[in-house]
Every structure is written in C-alpha cells, then in structure tokens.
Amino acid sequence: MKTRIRELRKAQKLSQEELADAVGTTRQTITSIEVGKYTASLPLAYKIAHFFGLTIEEVFDFSDLDA
Amino acid sequence: MEKYRKSLRIQNLLILASILCLVVMQILACSGVFSPAVTDVHWRDMYAGFIAGAAFAMTILFVIGLVKNLRALRSEATLKKLYAKENDERWAQVCSRAQSGAYRLCTMILLVAIIVTGYFSIPVSLTCLTIVLAQSIIGALFKLYWHRKL
C-alpha cells in the first residue's frame, strides 16, 4: 500500500526512529510501511495519521483496494 | 505502561527463581547428589558435562534477560522502547507466519518419516505418528479456541 509517511516525515524533519517512538512501534515497522512491504493495522494507521494531524485517508492511499 | 512495568517485575521474580533453581541443581550435581541415569561411566560423565553446560548457558540467558528488564524498569525511555519492541504488530505477524510455516513443514516431514521409518523401525514410526497426532489435536484445539475468541 502506498503512503505519504516518508513525505510527511521529511517535511517535519523527523527520523524513522523518532516517528516510531512517537507512535509506539519500531523503526523497522515504519521502514516497511514506507516502502509498502507491510500494511499497518487500523490502530497504528490511526496513530500515524493522528501524529501528523491528518485523517487516515490523507496519509494512506486506498486506491489499490478499489480495483 | 504501569501494567507492563508490573509484568516485568513478575517476570524478574520468575527469572530469579529459575536462576536459583539452576544454581542449586548445579551445586547438587557437582557434589554428587544428582547424576545422569546412565550406567556407563564414560557416557555418564559426558552427559553430566553436557547438562552442566546447558544449565550454565540457560543461567547466562536468564541473567541477560534480568539485566535488560532491570534497565527498562530504571528508565522510562528504555521501558517504552522495550514495550514497543515486544508489542510490535509487524514482529508479531513475522513470528506468527514463521511459526505457522515451520509447523506445516514439520508436520509434512513427520508424515514422510512415518512412512519411511515404518520399513526400518516400528517404534520410531509409531513415535512419529504419536507426535503428528498430538500436534494435530493440540493445533485443532487452539484453532477452535481462537475461532471463538476472535
């Protein structure tokens, strides 16, 4: 699944480690979500979106599910 | 986080009790109270050495775990990191998939082993069959439990 996490993180000059600490997960999980290898669960997606002050749809791209 | 802190404290107590048991067992084994149930002296000594080595390795692992927990209990940041690491959803999925794959592979290997060993040794074949049956029954019970729970 495509996400805007990398873009949002870079805009706020945050490292993966810092974002992981803020949302209570590990750096490896953030890496996997950013590259699209792993799809975050609903609670984690909510935490990430909430951290950036956005909605889940604004951070995660669900267009793949429409097909 | 307070709940996790409490669970770490309980874990530490269990680790300490395990270390104590291992040390007492080793003292008793070294003083000759315990010895492996093997009649041949050479093999008995070899086996006693193996058990002592395994017990020592287990003690070291327990001590590492204890130090890790104590460090986490002293610092809030380390505690949060340890909690995030232990409750990471991706890691949980990695473990679950790896275990499920290993379980299926082991079952298939055992099924082949039942047939192959059946031509050479009936006790070995029956042992493999017992393991497969036990594994399947326990697996089915766990599936039923999680099917109802989730």
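Reader: Which domains is chain B divided into, and how far apart do their C-alpha centres lie?
Author: Keep in mind that this is a predicted model. Chain B splits into domain 1, covering 2-87, and domain 2, covering 91-149. Take the C-alpha centres of those two domains of chain B, and the separation is 29 Å.

Reader: What should helix H1 of chain B span, and what is the distance between its end C-alpha atoms?
Author: H1(B) runs over residues 2-30, which makes 29 residues.

Reader: How many residues of H1(B) are buried?
Author: Buried here takes 20 or more other C-beta atoms within 10 Å of a residue's own. H1(B) is hardly covered, and among its 29 residues the buried count is zero.

Reader: Are H2(B) and H3(B) parallel, perpendicular or oblique to each other?
Author: Helix H2 of chain B is residues 41-74, and its axis comes within 5 Å of that of H3(B), crossing at roughly 125 degrees. Roughly perpendicular stops at 115 and roughly antiparallel needs over 145. The pair is therefore oblique.

Reader: Which residues make that contact?
Author: By class there are four nonpolar, one polar and one charged. H2(B) brings Arg71(B), Ala72(B) and Leu73(B), while H3(B) brings Thr78(B), Leu79(B) and Leu82(B).

Reader: Which elements give two or more residues to the side of chain B that touches chain A?
Author: Five residues of chain B contact nine of chain A. The elements of chain B that give two or more are helix H3 (76-86) and helix H4 (89-118).

Technical notes
Residues are numbered from 1 along each chain as its sequence is written. Chains are lettered from A and ligands numbered from 1 in the order in which they are written. This is a predicted model: local features need pLDDT of at least 70, side-chain atom pairs count only at pLDDT 80 or more; totals for chains, interfaces and linings use all residues. Domain bounds come from an automatic or database domain assignment. Helices (H or I, at least four residues) and strands (E, at least two) are DSSP runs, numbered from the N terminus. The expected span of a helix is 1.5 Å times one less than its number of residues. A residue is buried if 20 or more other C-beta atoms lie within 10 Å of its own, exposed if 12 or fewer, and partly exposed in between; C-beta atoms are placed from the backbone. Two residues are in contact if their C-beta atoms, placed from the backbone, lie within 7 Å. Axes are lines fitted to C-alpha atoms, for helices over the stretch in contact, and angles run from 0 to 180 degrees between N-to-C directions. Angles under 35 degrees count as roughly parallel, over 145 as roughly antiparallel, 65 to 115 as roughly perpendicular and the rest as oblique. Ala, Val, Leu, Ile, Met, Phe, Trp, Tyr, Cys and Pro count as nonpolar, Asp, Glu, Lys and Arg as charged, and the others, Gly among them, as polar.
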